[in-house]
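Let us walk through this structure step by step. Keep the sequence and the 3D view side by side.

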Amino acid sequence: MRISFYTLGCKVNQNETGALQQLFLRQGYTLAAPEEEADVYVVNSCTVTAGGDQKSRKWLRRAKRTNPGAVTVLTGCYPQAFPQEAAAITEADVVTGSTCRSRLPDYVRQVLESGERVVAIAPHRQQETFEELPIDRLEGHTRAFVKVEDGCNRRCAYCVIPRARGGARSRPVESTLRELEALARAGYREAVLSGINLPSYGQDNGASLTELIEKAAGVEGIQRIRLGSLEPDLLSDEDIRRMAQVTKLCPQFHMSLQSGCTATLRRMRRTYTAEQYAQVAAKLTEAFGGRLSFTTDIIVGFPGESEEDFEESMAFISQIGFLKVHVFPYSRRAGTPAAEFPDQIPEEVKALRVHRMQAEADRVRAEQILAMEGMEEEVLLETPLSASLFTGYTRLYVPVVLSAPGHTSGEILRVRLGRYDGTRCTASLL
């Protein structure tokens, strides 16, 4: 039987989709090509915004139109956070949350045999442990996303993720290393350690993120280690010192910001100020000798954000010198405190602020990348554009395009960076 997957959201979701693919492949399924009709359709949902929920529903309706006899599955954060709403989506034959995903093939079999819907959304529990979904290959990826942490103990005013993912819990170090070894044997050279609140790794099992990084660097075949999103206030001076000693660690830090204005951060119920964020960035810069990059996420139009607040947040982009910024308009999310806050910002104002913030982020990005012209770097070859032309990323996460005849996706090559065209750097092999 052919099965098709549609993934929304973060790198953790990408990892989980890869694991689900392997579960089904081991039971005799084959992956359908994007243009092929499938017998089973699975959407791994994201519920950070209401728009994500709408995309999940739309994809399920399209799947049913494409093949009315197919089994359709809705899984992930959306059903977990809003179980009654998700259960009412009749286009989904199977509805599960972000727990018990290992049973998905069994639920699909039940529908095939009985013709009756399966709705199985188990609530998160106290002292819940990390759900093991081992993976040794991610179809279509040249980087290996390794999920090492799930859940979050924080209660940011805008965020529904703790409701969808439960409390923070960590994967055992030994299990993570076994997966990295399997991925290295499969040919992966770069591994991305990912989690919902990655720096909280180890708080429940006596380990630590820095310990995991150090041990992961010892896995033969893995040449580069990259980190998922980090909470700046959870990075201690000792963490930074130890990370700087790991030569395989890519010095690109995606440090969650959300706003460069301390007043807005307070309303968001974040646990740091803009000044504290800048201090952590300065410590990382010093520890890594200035050879690093910062990427982040910023929300604009949060309730109560004045024009002065917005301008302060926008100026912070230049102050830090972010390589890349994902800019989002605040999305009013049911089930979160911020949805009921006064002083909601009109949609047209949010749209204008997104445009202005993104323009400033793009300007700073160009400034950062143009300064790298002539530097020597390592590039992971990713998407082939032709038999010899590839796109790829440097250790600092600069996108490049280069000609590399005789090489293949997944290799890491030494290059010299050339001009930046607004999208990518040209690069030449050394």
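Y272 and Y277 are both buried. The model is a predicted one. Their ring centres lie 6.2 Å apart, with the planes at 45°. Planes under 30 degrees apart would count as stacked and over 60 as edge-to-face, so this pair is tilted. Y277 also pairs with F316. Here the ring centres are 5.8 Å apart and the planes stand at 70°, so the geometry is edge-to-face. This second pair links distant parts of the chain. Y277 belongs to helix α11, while F316 belongs to helix α12 (residues 307-320). The two residues are 39 residues apart. F316 is buried, like Y277. The structure has 12 aromatic pairs. One aromatic cluster is formed by Y158, F302, Y330 and F341.

Next, the nonpolar cores. The largest one has 70 residues. Which residues have the most contacts inside it? They are L227, M243, F253, M255, L284, F294 and F322. Helix α11 (residues 274-287) gives the most to this core, with 6 residues. Take M255 as a probe of the surroundings. Leaving aside neighbours within four places in sequence, M255 touches L230, P232, L235, Y277, V280, A281, L284, F294, T295 and T296.

Is E16 buried or exposed? E16 sits in helix α1 (residues 11-25). Its relative accessible area is 1%. Buried means under 20%, so E16 is buried. The side chains of E16 and K147 are joined by a polar contact of 2.5 Å. Not counting residues up to four places away in sequence, E16 touches N44, R101, K147, D150 and R165.

L183 is another buried residue, with a relative accessibility of 0%. L183 lies in helix α7 (residues 173-185). Beyond its neighbours within four places in sequence, L183 contacts I135, D136, R137, L138, A144, V146 and Y188. S194 is 11 residues from L183 along the chain. The C-alpha atoms of L183 and S194 are 15 Å apart.

Finally, follow the strands. A closed barrel of 5 strands runs β14-β15-β16-β18-β17, with mixed pairing. From one strand to the next, the twist averages 50°. Helix α13 (residues 347-370) packs on the sheet and touches β16 (399-403), β17 and β18. The direction of helix α13 makes about 120° with that of β17.

Start the strand tour at β14 (residues 376-384). β14 and β15 form a hairpin, with 4 residues between them. β14 runs antiparallel to β15 (residues 389-394), and 4 bridges join them. L380 stands opposite Y393 in β15. β14 also runs antiparallel to β17, here with 5 bridges. E378 has R414 in β17 as its bridge partner. Strand β17 (residues 412-420) is joined in turn to β18 (residues 425-429) by 4 bridges, again antiparallel. L417 stands opposite A427 in β18.

How values were computed. Residues numbered from 1 in each chain as written. Predicted model: local features only at pLDDT ≥ 70, side-chain atom pairs only at ≥ 80, totals over all residues. Heavy atoms only, no water. Pairing = 2+ DSSP bridges. Axes fitted to C-alpha atoms, helices over the stretch in contact; angles between N-to-C directions. Contact = heavy atoms within 4.5 Å. Buried < 20%, exposed > 50% of the residue type's maximum accessible area, 1.4 Å probe, protein only. Polar contact = N/O pair within 3.5 Å; in protein donor to acceptor, adjacent residues only side chain to side chain. Core = buried A, V, L, I, M, F, W, Y, C linked by side-chain atoms within 4.5 Å. Phe/Tyr/Trp six-rings, centres within 6.5 Å; stacked < 30°, edge-to-face > 60°.
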